[in-house]
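Here is a short briefing on side-chain contacts and surface features. The structure comes first, then the points by topic.

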Amino acid sequence: MYKYNCLNPIAQIGLEKFDENFVKTENIGEADAILVRSAGMHDMEFSSNLKVIARAGAGVNNIPLEKCAEQGIVVFNTPGANANGVKELVIAGMLLAARDIIGGINWVQENEEDGDIAKITEKKKKVFAGTELEGKKLGVIGLGAIGVMVANTATHLGMEVYGYDPYVSVDSAWRLSGCIHHAKTVDEIYKECDYITIHVPALEDTKGMINRDSISLMKKNVVILNFARDLLVNGEDMVDALVSGRVKCYVTDFPTHEIAGVKGAIVIPHLGASTEESEDNCAKMAVREAVDYLKNGNITNSVNYPDCDMGVKGEGARITILHRNIPNMLGQFTAFFAKAGMNISLMANKSKKEYAYTMIDVEGAAEGAEDAIAQIEGVLKVRIIL
């Protein structure tokens, strides 16, 4: 019997994916799996029993990935599960920036008691006039699940779309509309586009990528949208660009003291994935990942260990080994099984930077294998699934 704990409320439709072999516990110390959304985990201590953390969402800044890797805890996220919800808000953000919808609505509310509001509306509405999206150039930086959906949708709005992603996956490339221009450099996006939306993770080389220098390459009155991570935009430089009029509008899903209230900034309270559908999709995906790992040892969408899949476990034992990515690990594993007289029927090994994962199916119960393999230098956690 496996036990799971929820640090945040997780959609019931997802929890229903757990079968009779799983039971919920309020005691984190006895949990095999933790499901989490936004709860901070950096100061938590993890028991040796914990095997998996499944984040019902894409961002994992609230989880200590290196600490988990060192303790043999596989961390999953749910990329793409909330993509449609974010995509729709990005499109809404472009419309809000193109036409002063917010200003118009505020004016109506301020004048709602005026008996002549219908009459004066016809005179006042020109103040809130804007432009259309059709015919404008949109630059999409990052063509993952969300970026591809935004790019494809924008083509149906009549926009001329430029896409940039030097690391685009094969799956994303297949989903991308053939009419999207392939930008060879990010500078091409900066120089050519009227609207620029960023959809990349917050890494050392992407933090602050929208700054004084990149903004200087952009068209005057450009609209910049950030529904990915607040750290991708240098807040001070963005405020300067808005005040000077270099940037017409900055639409962000991340309120900060620096940007909130600045003229030209449309600041949304982190609503990108806040839809019932997104929460349901993330919950279902997170549970599926945790269940497959605990029952079969398969890793899909891990952020600290490599993906590895050997399908449904057969009749014999399946040994899963989380270890460092150093030479001769496989040799030591196979040497142990040979000496113990255990026949290996199937084996897989994958690595991801300094960590690796090995799955081995053997005939029989693999008695003594867990303790023996755990003694090999570089092994972080061993598990036998019977």
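Ile101 lies in helix 4 (residues 101–110); helices are DSSP runs of H or I with at least four residues, strands are E runs of at least two, and both are numbered from the N terminus. The model is predicted: local features need pLDDT of at least 70, side-chain atom pairs need 80 or more, and totals for chains, interfaces and linings use all residues. Residues count from 1 along each chain as its sequence is written, and side-chain values use heavy atoms, without hydrogens and water.

**Surface**
- Ile101 is partly exposed, at 35% relative accessible area (buried is under 20%, exposed over 50%, partly exposed in between; 1.4 Å probe, protein chains only).
- Leu95, Ile101 and Ile105 form a nonpolar surface patch with about 240 Å² of accessible area together (Shrake-Rupley method, 1.4 Å probe).

**Aromatics**
- The whole structure has eight aromatic pairs (ring centres within 6.5 Å; stacked under 30 degrees, edge-to-face over 60, the rest tilted).
- Tyr2 and Phe22 are stacked, 5.2 Å centre to centre with 25° between the planes.
- Tyr2 is in strand 1 (residues 2–6) and Phe22 in strand 2 (residues 22–24), so the pair ties together parts 20 residues apart in sequence.
- Tyr2 and Phe22 are both buried.

**Cysteines**
- There are zero disulfides (sulfur pairs within 2.5 Å).
- The sulfur of Cys6 is 14 Å from its closest cysteine sulfur, in Cys282, too far for a bond.
- Cys6 is buried at 16% relative accessible area, and Cys282 is buried at 4%.

How values were computed:
Phe/Tyr/Trp six-rings, centres within 6.5 Å; stacked < 30°, edge-to-face > 60°. Patch = residues over 30% accessible without salt bridge, like charges linked within 9 Å, V, L, I, M, F, W, Y side chains within 5 Å. Salt bridge = Lys/Arg side-chain N within 4 Å of Asp/Glu carboxyl O.
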